[in-house]
Amino acid sequence: HVRYTVLALGDSNYAVFCAAARQIDQTFEELGAIRFYPRGEADDAVGLELVIDPWSERLWPSLQDLHSKVAKGVFAVGRAPDMNTPQNTLIVYGSGLARSIAVAIFELIQRFGGHCDMQPMAYFKASSAPGSLGR
């Protein structure tokens, strides 16, 4: 099963505040993925760091807890987990500051021995296959 979290960066001065991240979150949930950590919604109108800093600080213990549960087989369904299979992380990001934050998270995951990929949000186009994030 896929476990995920979302950090949205937006500006509440716009009617579509964090809409893309909310859609990604909803789509993952509809497809059966399990959110392991609450979605964060950082607002540039009041200061992104007011959400990003505490959200990021609490994210790392949640990732460690998730990794520990996977390693112990808590999430195994009918069989022991194959610990030779790497636990992968996909970071989907926008542009500007979102890309910078994504790179920092990517580097931290790699530093701790995790496997990580990054894809720009534009990669998930509206013409993607049915059931994809771009629907």
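User: Which residues form one aromatic cluster?

Analyst: Happy to start there: this is a predicted model, in which local features need pLDDT of at least 70, side-chain atom pairs count only at pLDDT 80 or more, and totals for chains, interfaces and linings use all residues. Residues are numbered from 1 along each chain as its sequence is written, and side-chain values use heavy atoms, leaving out hydrogens and water. Rings of Phe, Tyr and Trp (its six-membered ring) pair if their centres lie within 6.5 Å; planes under 30 degrees apart count as stacked, over 60 as edge-to-face and the rest as tilted. One aromatic cluster is formed by Phe36, Tyr37 and Trp55.

User: How many aromatic pairs does this rule give, and is the pair of Phe36 and Tyr37 stacked, edge-to-face or tilted?

Analyst: The rule gives three aromatic pairs. For Phe36 and Tyr37, the ring centres are 6.4 Å apart and the planes meet at 35°, so this pair is tilted.

User: Is Tyr37 buried or exposed?

Analyst: Buried means under 20% relative accessible area, exposed over 50%, and partly exposed in between (1.4 Å probe, protein chains only). Phe36, with 22%, is partly exposed. Tyr37 has a relative accessibility of 7%, so Tyr37 counts as buried.

User: Which parts of the chain does the pair of Tyr37 and Trp55 tie together?

Analyst: Tyr37 and Trp55 form an edge-to-face pair, 5.2 Å centre to centre with 65° between the planes. Both Tyr37 and Trp55 are buried. Helices (H or I, at least four residues) and strands (E, at least two) are DSSP runs, numbered from the N terminus. Because the two residues are 18 apart in sequence, their pair ties together the loop between strand 3 (34-35) and strand 4 (40-43), where Tyr37 lies, and, with Trp55, helix 2 (residues 49-72).

User: In which order do the elements of the chain run?

Analyst: The chain has three helices and six strands. From the N terminus on, the order is β-β-α-β-β-α-β-α-β.

User: Where is Cys18 found?

Analyst: Cys18 is a residue other than glycine with a positive phi, near 55°. Its relative accessible area is 6%, so Cys18 is buried. Cys18 is found in the loop between strand 2 (7-10) and helix 1 (19-30).

User: Which residue forms a salt bridge with Glu41?

Analyst: A salt bridge is a side-chain nitrogen of Lys or Arg within 4 Å of a carboxyl oxygen of Asp or Glu, and the whole structure has five of them. In the one with Glu41, the closest N and O atoms are 2.8 Å apart. This pair links distant parts of the chain, 19 residues apart: Glu41 is in strand 4 and its partner in helix 1. That partner is Arg22.

User: Which residues meet Arg35 in salt bridges?

Analyst: Arg35 lies in strand 3 and Asp25 in helix 1, so their pair ties together parts ten residues apart in sequence. Asp25 is buried at 2% relative accessibility, whereas Arg35 is partly exposed at 33%. The closest N and O atoms are 3.1 Å apart in the salt bridge with Asp25, and the N to O value is 3.7 Å in the salt bridge with Glu29.
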